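Colleague: I am new to this structure, and I would like to understand what stands behind the words used for it. Could we go through some of them with care?

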Amino acid sequence: MLKDEILLTLSSNPKEFTSGEDISDKLGISRAAVWKYIKTLREEGYVIESYSRKGYKLISSPNIFSVEGLKSSLVNNSLIKEILHYNTIDSTNYFCKNSSDTLKDGTLVLAETQTQGRGRFNRPWFSPKGTGIFCSIFLKPKLSPYDISKITSIICASIAKTLIDMNIPISVKWPNDIYLDGKKLGGILTEMKCDMDEINYLIIGFGLNINQSKEDFPEDIDKIALSLKSYFNHDFSREDILVSILNNFEYFYKALLNSSESKEAFQIIKDNSYVLNKEVIILKGKESITGKVVDLGENGELLLDTNGKIEQIYSGEVSLRIKI
């Protein structure tokens, strides 16, 4: 979009004014059109100074993702082929489902806020505007439906590696949550449409609490969740974190496609497990199983010791609670 190209031009020259003539010549549009796009950017919250015979200078940006900035940072990422960015959406996973006939393999759907964000079992996901990462990756992989738990594991590992590399002491709560200081920092919702032996499409949705202040969380959510900002008391770059996660995911996803395994990803989860060596309760419908988590299997399953018998627990429609 021309508006994004104008924004990229201004942001790449933050200390100097860029003339309207230079922008119009570069993009092949009239100076009146440049002014129209500048006006739109200002309405979106960008502070842009303008002076006659000097041109335009970007002073500050609203706390929203820049599609052009993401594309530039992901130029070497062969997995993400298209980025769709929305200020408000019901749910990025819903959007992918409803648009599955037209979306390209490798589409990233990104929102500033979700009105119907959700996690597993349709649990609501709190998505205040401009504070977190709320997105879905739409893929059409040549994988078996039985590999779905591996996909959840590698996106978990991708998020975990990004945060660990930032020296953030997170842990992974099997099968799909990122924890910090005993509270939920992020979650993953993987969905697919498949036949018996192949996946038609795969949607990997994840949410990560980045710059919410403690006051942003409703009282009931504050008891169980937190953000990087509320823990460290300063803001983080959502864009840098997202780019790192996507690059990690590309690496682990390619390994999975090439060899049907990702030992490195599973090791990250195992080394940073929130549940390993703990007594847990596994809930599936009205049934419950109690045991000690002794290991994680190579397919992402939980190995549970129940009175000396080792049971394999796959994520599916099960929920896990730490036994107190």
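Modeller: Let us start with Asn307, which has a relative accessibility of 85%; since exposed means over 50% relative accessible area, buried under 20% and partly exposed in between, with a 1.4 Å probe and protein chains only, Asn307 therefore counts as exposed. Please keep in mind that this is a predicted model, in which local features need pLDDT of at least 70 and side-chain atom pairs count only at pLDDT 80 or more, while totals for chains, interfaces and linings use all residues. Residues are numbered from 1 along each chain as its sequence is written, and side-chain values use heavy atoms, with hydrogens and water left out.

Colleague: Why is Asn277 called exposed?

Modeller: The relative accessible area of Asn277 is 52%, and so the residue is exposed. Asn277 lies in the loop between helix 10 (263-271) and strand 10 (279-284), and its phi, near 70°, is positive although the residue is not glycine.

Colleague: How do you know that the length of helix 3 agrees with its number of residues?

Modeller: The expected span of a helix is 1.5 Å times one less than its number of residues, so the 13 residues of helix 3 (residues 31-43) should span 18 Å, and the end C-alpha atoms, 19 Å apart, agree with this.

Colleague: Which residues of helix 3 are buried, and what makes you say that they line one face?

Modeller: Val34, Ile38 and Leu41 are the buried ones. Seen down the axis of helix 3, its buried residues fall within an arc of 60°, and so they line one face of the helix; the arc is that of the directions from the helix axis to the C-beta atoms. On the other side of helix 3, Ala32, Lys36 and Glu43 are exposed.

Colleague: What covers the buried residues of helix 3?

Modeller: The cover, judged by contact (heavy atoms within 4.5 Å), includes helix 1 (2-11), helix 2 (20-27), strand 1 (47-51) and strand 2 (55-60).

Colleague: What makes the peptide bond from Trp174 to Pro175 stand out?

Modeller: That bond is cis, with omega near 5°, and Pro175 is found in the loop between strand 6 (170-173) and strand 7 (177-180).

Note on methods:
Helices (H or I, at least four residues) and strands (E, at least two) are DSSP runs, numbered from the N terminus.
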